[in-house]
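Trainee: Could you take me through this structure step by step, giving me the general idea of each feature before the case itself?

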Amino acid sequence: RGVAPDLLLLQEAVEDSRRLTSILGGDVRFVPAFPRSGGVPGATAEGMALWSPTGLHDVESAALGGWPWPRVALRCRVGRLAVCNLHLSHLPWQRQAQLRAAAAHPARPLLLAGDFNRPGGARLAGFRAVVPSGWSFRCGPLGLRLDAALASPGVAVTAATYLTSGVSDHRPMLLTVAADV
């Protein structure tokens, strides 16, 4: 509450996330990553979603592979800035390959953000790590920082924080970002 994002990145989304448009207006895109059974009634796939109050531009997805759950990247453009929504694998070698594949996209400046499934975020040559202080995921008594971002040159991140937990098992991450001019 009290947050008015220009872009919302959703991981572990289901087709029902398309309803955001009827609830909040704006534009939403969903791309499935793998079939889903059980859990949310009527949900047949889990994947990634983007929502914007003003419309989404140059949206594209890319398969990133992964086992046992395949992953996808969902990209869009906000002004000059390219943003890539990620939910990376738990296995280190898959996670790093997925990061490299997402970063190989030629759009710049580029912000990679989402659930990196690695405590403390991630590292990637040519990108600056953005990891808010605090924790984004609770595992018993441990608070882990699994949600993070990587910024290419030309991306200015002026604020980064985890918000109070809501309905997800992860705390939302709020970034204030601009493409350097």
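Mentor: We begin with the words for secondary structure: helices (H or I, at least four residues) and strands (E, at least two) are DSSP runs, numbered from the N terminus. In this chain there are two helices and 13 strands, and Leu 56 lies in the loop between strand E3 (45–52) and strand E4 (57–65). Please keep in mind that this is a predicted model, in which local features need pLDDT of at least 70 and side-chain atom pairs count only at pLDDT 80 or more, while totals for chains, interfaces and linings use all residues. Residues are numbered from 1 along each chain as its sequence is written, and side-chain values use heavy atoms, with hydrogens and water left out.

Trainee: Is Leu 56 buried or exposed?

Mentor: Buried means under 20% relative accessible area, exposed over 50%, and partly exposed in between (1.4 Å probe, protein chains only). Leu 56 has 8% relative accessibility, so it counts as buried, and of the 181 residues of the chain, 43% count as buried.

Trainee: Which residues does Leu 56 touch?

Mentor: Contact means heavy atoms within 4.5 Å. Not counting residues up to four places away in sequence, Leu 56 touches Leu 7, Asp 27, Val 28, Arg 29, Leu 50, Trp 51 and Cys 76. For the chain, among contacts between residues at least 6 apart in sequence, 57% join residues at least 24 apart.

Trainee: Where is His 87 found, and which side chains does it join in polar contacts?

Mentor: A polar contact is a pair of N or O atoms within 3.5 Å; within protein, one must be able to donate a hydrogen and the other to accept it, and residues adjacent in sequence count only if both atoms are side-chain atoms. His 87 is found in strand E6 (residues 81–87) and counts as buried, at 7% relative accessibility. Its side chain has a polar contact of 3.0 Å with that of Arg 71 and another of 3.5 Å with that of Asn 117.

Trainee: What is the phi of Asn 117, and where does this residue lie?

Mentor: Most residues other than glycine have a negative phi, and most peptide bonds are trans. Phi of Asn 117 is near 50 degrees, a positive value in a residue other than glycine; Asn 117 sits in the loop between E7 and strand E8 (128–130), and with 11% relative accessibility it counts as buried. Asp 58 also has a phi near 50 degrees, but this residue lies in strand E4 and counts as exposed, at 56% relative accessibility.
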